[in-house]
Amino acid sequence: MEVASETASPGNDADLEPLTILIVDDDRAVLNALTELLEGEGYKVATATGGLEGLRQLRGGLRPCVILLDLMMPTMDGWDFRHEQMKDQALRDIPVVVITAAGFSEASVRTQFGNIEFVAKPPPVKGLLDAIRRSCEESNH
């Protein structure tokens with residue numbers, strides 16, 4: 001996957017501890033492209049190739065400021081992941097940015113997922129980084 005190119009400003013000040021982002025996507029090209037982009041912006045990145053792996057990491061203590069979540073994955077898709085996340089008191093407040101090429105409308109996803117950020121694939125860099133910043137700021141309040 002190529003991330004749509006736009007100029008973006010750095011994600012955080014050099015004096016601050018880097019924030020962690022969890023990317024849950026079964027497409028390794030997407031994981032690699034997003035990891036490279038986000039690490040270049042100063043974030044720490046954890047990845048999971050499916051919903052079950054993502055939940056294992058979260059239940060093992062990972063606390064990202066935001067989860068970037070694909071909807072269409074084998075075994076446990078993004079819909080089931082989010083459902084499980086919302087049932088878990090310790091995980092329910094971690095913000096989610098849904099990134100999908102599946103053609104779902106933002107309104108239909110919000111109906112199922114609640115107040116989330118939504119970005120279509122391939123994500124425009126500025127739009128994605130803005131959604132991440134908003135979500136990370138929200139999780140730090």
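Mentor: Let's start where two helices touch: L34, L37 and L38 in α1 meet V125, L128, L129 and I132 in α5. Keep in mind that we are looking at a predicted model.

Trainee: What makes this a contact between α1 and α5?

Mentor: Contact means heavy atoms within 4.5 Å. The residues of α1 that meet α5 are L34, L37 and L38, and their partners are V125, L128, L129 and I132. By class, this contact has seven nonpolar residues, no polar and no charged ones.

Trainee: How many of those residues count as nonpolar, and why?

Mentor: Seven do. Leu, Val and Ile are counted as nonpolar, and the residues that meet are L34, L37, L38, V125, L128, L129 and I132.

Trainee: Which numbers describe how α1 and α5 pack?

Mentor: Two packed helices are described by the angle between their axes and the distance between the axes. For α1 and helix α5, residues 125-139, the angle is about 65° and the axes are 12 Å apart. α1 is therefore roughly perpendicular to α5, as angles from 65 to 115 degrees get that name. The crossing of α1 past α5 is right-handed.

Trainee: Now to another pair: why are α2 and α3 described as they are, parallel or perpendicular?

Mentor: Helix α2, residues 51-59, packs with α3 at an angle of about 25°, and their axes are 9 Å apart. Angles under 35 degrees count as roughly parallel, so α2 and α3 are roughly parallel to each other. Their crossing is right-handed too.

Trainee: Which residues bring α2 and α3 together?

Mentor: On the α2 side they are G51, G54, L55, L58 and R59, and on the α3 side F81, E84 and Q85. This contact has three nonpolar, three polar and two charged residues.

Trainee: What does α3 do with α4?

Mentor: α3 packs with helix α4, residues 106-113, at an angle of about 35°, with 10 Å between their axes. G78, W79 and R82 in α3 meet V109, Q112 and F113 in α4. Those residues divide into three nonpolar, two polar and one charged.

Trainee: Let's turn to the spaces. What makes a space a cavity or a pocket?

Mentor: A cavity is where a 1.4 Å probe fits but cannot get out, whereas a pocket is open. This structure holds one cavity of 30 Å³ or more, and the space in the largest cavity is about 30 Å³. The largest pocket has about 190 Å³ of space.

Trainee: Which residues line the largest cavity?

Mentor: They are I23, V24, D25, V30, L34, L68, L69, D70 and I99. β1, α1 and β3 each supply at least two of the lining residues. By class, seven are nonpolar, none is polar and two are charged. Notice L34 again: this residue lines the cavity and also takes part in the contact of α1 with α5.

Trainee: And what lines the largest pocket?

Mentor: Its lining has 13 residues, and P95, V96, N115, I116 and E138 lie nearest its centre. The largest share, three residues, comes from α5. By class there are five nonpolar, two polar and six charged residues.

Trainee: Last topic, the backbone: where is the cis peptide bond?

Mentor: That bond joins K121 and P122, with omega about -10°. P122 is in the loop between β5 and α5.

Definitions and conventions: Residues are numbered from 1 along each chain as its sequence is written. This is a predicted model: local features need pLDDT of at least 70, side-chain atom pairs count only at pLDDT 80 or more; totals for chains, interfaces and linings use all residues. Side-chain values use heavy atoms; hydrogens and water are left out. On a 1 Å grid over the protein atoms alone, a cavity is a set of points where a 1.4 Å probe fits but cannot get out, and a pocket is an open set with protein on both sides within 12 Å along at least five of seven lines; lining residues have an atom within 4 Å of a point. Grid points are joined across faces, edges and corners, and a volume is the space filled by probe spheres set on the points. Helices (H or I, at least four residues) and strands (E, at least two) are DSSP runs, numbered from the N terminus. Axes are lines fitted to C-alpha atoms, for helices over the stretch in contact, and angles run from 0 to 180 degrees between N-to-C directions. Angles under 35 degrees count as roughly parallel, over 145 as roughly antiparallel, 65 to 115 as roughly perpendicular and the rest as oblique. A crossing is left-handed if the near helix is turned anticlockwise from the far one by less than a right angle, and right-handed if clockwise.
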